[in-house]
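These notebook entries record what I looked up in the structure, taken in the order in which I examined each topic.

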Amino acid sequence: MNQPVRIIAWGNDGRCDDGAGLALIDRLRGRVDRLGSTGHLDCAVRLDAHHQLGPEVAADVAESSLVFFVDAHVAADRPAVFCERVKPSAAGTLDSHHCSPATLVTLCESLGWPVPPCYLVGIRAHNCEYGDTLSARTRAYVERAVRLIEQAISAQALPQDPRLALSAV
């Protein structure tokens, strides 16, 4: 059986734009079904939403053919939407109940589990105050990230460049 493509998002949807990754999962739910039913996908797609990433997510990573981790970011020096390859963590230690994508990749490797290609998709957050509504700008960035992921899955390939960046317009 073919391993699924997995989209793993995390964040806090009670802190406005910090829920951008979770909003992306909500936005993809119906769209992934449509892509599959029209024959554009030759693979299953799994959508996972978390408040934070724990070590148990490593098992999901190992059982996938391709993984996209999706989270909000606030780095002013990064593009509004970016996609970059996740590499194993140099530290390689598990010292918390919260794990970064790099820590999960390292955990898979250390357990001898398969490690599929993994990418981090970052979506710029502008407002992380209490609330449950995305800002207009972040909502637009979520749509850009949805298109990026859909295109990558539909093509069954990512660009040769391990870092794909979409800058804000």
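I took two strands as paired where DSSP finds at least two bridges between them. The model I examined is predicted.

**Entry 1: strand S1 and its partners.** I looked up the pairing of S1, residues 5-10, and found that six bridges join S1 to strand S2, residues 45-50, in a parallel arrangement. I noted histidine 50 of S2 as the bridge partner of tryptophan 10. I then turned to strand S3, residues 66-73, which also runs parallel to S1 and is joined to S1 by five bridges. In S3, valine 70 stands opposite alanine 9.

**Entry 2: cover of S1.** Which faces of S1 are covered? I found that both are: Val5, Ile7 and Ala9 are buried on one side, and Arg6, Ile8 and Trp10 are buried on the other. The count for S1 is accordingly six buried residues of six.

**Entry 3: helix H3.** I next checked H3, residues 101-110, and recorded eight of its 10 residues as buried. The buried residues are Pro101, Ala102, Thr103, Leu104, Val105, Thr106, Leu107 and Cys108. What covers them includes S1, S3, helix H2 (57-62) and strand S5 (118-124). Just after H3, I noted a positive phi of about 75° at glycine 112.

**Entry 4: cysteines.** How many disulfides does the structure hold? I found zero. Cysteine 16 is in no disulfide, and the nearest cysteine sulfur, in cysteine 128, is 7.8 Å away. A disulfide is a covalent bond between the sulfur atoms of two cysteines. I applied the cut-off of 2.5 Å between cysteine sulfur atoms. For accessibility, I recorded cysteine 16 as buried, at a relative accessible area of 8%, and cysteine 128 as partly exposed, at 27%.

**Entry 5: the chain as a whole.** I counted four helices and six strands in the protein chain. Along the sequence, their pattern is β-α-β-α-β-β-α-β-α-β. I recorded 46% of the 169 residues as buried. For contacts between residues at least 6 apart in sequence, I found that 77% join residues at least 24 apart. The protein chain exposes about 8,600 Å², of which carbon and sulfur atoms supply 51%.

Methods. Residues are numbered from 1 along each chain as its sequence is written. This is a predicted model: local features need pLDDT of at least 70, side-chain atom pairs count only at pLDDT 80 or more; totals for chains, interfaces and linings use all residues. Side-chain values use heavy atoms; hydrogens and water are left out. Buried means under 20% relative accessible area, exposed over 50%, partly exposed in between (1.4 Å probe, protein chains only). Helices (H or I, at least four residues) and strands (E, at least two) are DSSP runs, numbered from the N terminus. Contact means heavy atoms within 4.5 Å. Accessible areas come from the Shrake-Rupley method with a 1.4 Å probe; for residues, only the protein chains shown count as cover.
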